[in-house]
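Please read the following report alongside the sequence and the three-dimensional view. It begins with a pocket, then turns to a set of paired strands and ends with some individual residues.

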Amino acid sequence: MTRILLLGCRGQVGWELQRALAPLGELHAWDRSLADLSEPEALLQGVAQLAPQVIVNAAAYTAVDRAESEPALAQRINAEAPARLARWCAQASATLVHYSSDYVFDGSGDTARDESAATGPLSEYGRSKLAGEEAIRASHARHLILRTSWVYAARGGNFAKTMLRLAAEREQLRVVADQIGAPTGAELLADCTAQTLPQLLHQAQLSGTYHLCAAGETNWAEYARFVIGTAQAQDRTLRCREVLGIPSSDYPTPARRPLNSRLDCRRFTTTFGLHLPPWQQGVRRMLEEVLQ
């Protein structure tokens with residue numbers, strides 16, 4: 001039986017991965033108390049003792065704005081720790097699954113980027129994620145790097161929940177409208193990981209970097225309108241009557257966000273024979289759970 005180590009099991013993606021990976025083997029789900037990526041040496045000692053055949057790394061430093069003032073910590077968690085894991089996997093003939101981000105790109109243009117597109121992160125968070133990717137590829141370990149965008153889950157905080165709270169308090173919301181991407185559910189990422197991992201274990205040539213996000217595209221203002229409209233259709237009483245789209249320049253943040261987060265996922269769908277549903281489908285399912 002395949003021994004699988006899941007890191008970051010209490011995060012949004014990690015929580016869903018516990019469910020999705022359980023049928024694939026002997027699953028060991030570790031949270032930060034057992035696997036702190038900010039302490040790579042201690043982490044590797046635990047990994048070596050367990051000796052998994054597969055490591056699924058769903059742990060990460062995700063505080064995008066705080067990373068601007070904590071670049072060393074972001075690098076340690078998002079780059080140095082994955083690099084250590086990848087080198088261990090290469091030596092142990094194990095497989096590493098790792099999640100990355102649209103933030104490795106500069107967000108220019110208006111077309112979807114494929115895996116061969118030039119990177120150019122705008123933020124410390126993006127630079128740390130790119131450094132992690134590069135270290136994994138350089139290790140020559142069998143790996144699956146899944147770049148995704150705008151991740152959400154019913155568990156924990158997310159954009160939709162914030163919009164619902166604000167819509168209950170205010171008649172007008174001002175939401176950024178010039179950043180384009182695809183909201184992608186943690187559930188979708190977990191299910192796709194579970195579907196692709198067996199193929200990767202049997203076909204080493206599938207090792208590599210893939211884009212994985214829900215189909216379609218939207219902006220944050222349209223996303224907010226969809227969330228509010230869905231809630232109102234389910235008889236949720238909200239004060240909000242208008243979502244006003246604004247430019248990113250009207251909502252400054254410590255870290256710059258890419259304006260174009262479109263990812264071309266055709267390599268993933270073609271290679272693994274999977275269909276990616278429209279983003280609205282996943283968001284609607286999440287809202288059904290949140291609005292209960």
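The second largest pocket is lined by 26 residues, and those lying nearest its centre are Gly185, Glu187, Leu188, Gly282 and Arg285. The elements that contribute two or more residues to this lining are α1 (12-21), β9 (184-185), α6 (186-202) and α9 (279-290), and α9 gives the most, with six residues. The volume of the second largest pocket is about 430 Å³. Sorted by class, its lining has 14 nonpolar, six polar and six charged residues.

The model is a predicted one, in which local features need pLDDT of at least 70 and side-chain atom pairs count only at pLDDT 80 or more, whereas totals for chains, interfaces and linings use all residues. Residues are numbered from 1 along each chain as its sequence is written, and side-chain values use heavy atoms, with hydrogens and water left out.

A pocket here is an open set of points on a 1 Å grid over the protein atoms alone, where a 1.4 Å probe fits and protein lies on both sides within 12 Å along at least five of seven lines; lining residues have an atom within 4 Å of a point. The volume is the space filled by probe spheres set on the points, which are joined across faces, edges and corners. Ala, Val, Leu, Ile, Met, Phe, Trp, Tyr, Cys and Pro count as nonpolar, Asp, Glu, Lys and Arg as charged, and the others, Gly among them, as polar. Helices (H or I, at least four residues) and strands (E, at least two) are DSSP runs numbered from the N terminus.

**Paired strands**

Strand β5 (residues 142-148) is mostly covered, since six of its seven residues are buried (under 20% relative accessible area; exposed is over 50%, partly exposed in between, with a 1.4 Å probe and protein chains only). Strand β4 (residues 95-101) pairs with β5 in the parallel sense over seven bridges, where pairing requires that DSSP finds at least two bridges between two strands. Within this pairing, Thr95 stands opposite Arg142 in β5. From β4 the chain crosses through helix α4 (residues 124-139) to β5 in a right-handed β-α-β crossover, that is, one whose path from the first strand over the helix to the second runs clockwise when the strands point away from the viewer.

β5 also pairs with strand β10 (residues 208-211), in the parallel sense and over four bridges, and the bridge partner of Leu146 in β10 is Tyr210. Both faces of β10 are covered, with Gly208 and Tyr210 buried on one side and Thr209 and His211 buried on the other.

**Individual residues**

Which backbone atoms does the side chain of Asn219 approach? Asn219 lies in strand β11 (residues 218-219) and is buried, with a relative accessible area of 13%. A polar atom of its side chain lies 3.5 Å from the backbone oxygen of Ala177, and the side chain of Asn219 also reaches the backbone nitrogen of Glu222 at 2.7 Å.

Most residues other than glycine have a negative phi. Ala51, although not a glycine, has a positive phi of about 55°; Ala51 lies in the loop between α2 (40-50) and β3 (54-57) and counts as partly exposed at 31% relative accessibility. Ser93 likewise has a positive phi, near 55°, and this residue lies in the loop between α3 (71-92) and β4, where Ser93 is exposed with a relative accessible area of 70%.

His140 lies in the loop between α4 and β5 and counts as exposed at 72% relative accessibility. Arg236 is in the loop between α7 (220-233) and β12 (242-246) and counts as partly exposed at 34%. Ser100 is found in strand β4 and is buried, with a relative accessible area of 5%. The table lists a C-alpha separation for each of them.

| Residue pair | Separation along the chain | C-alpha separation |
|---|---|---|
| His140 and Cys89 | 51 residues | 9.0 Å |
| Arg236 and Leu291 | 55 residues | 8.1 Å |
| Ser100 and Gln172 | 72 residues | 34 Å |

Terms used: Polar contact = N/O pair within 3.5 Å; in protein donor to acceptor, adjacent residues only side chain to side chain.
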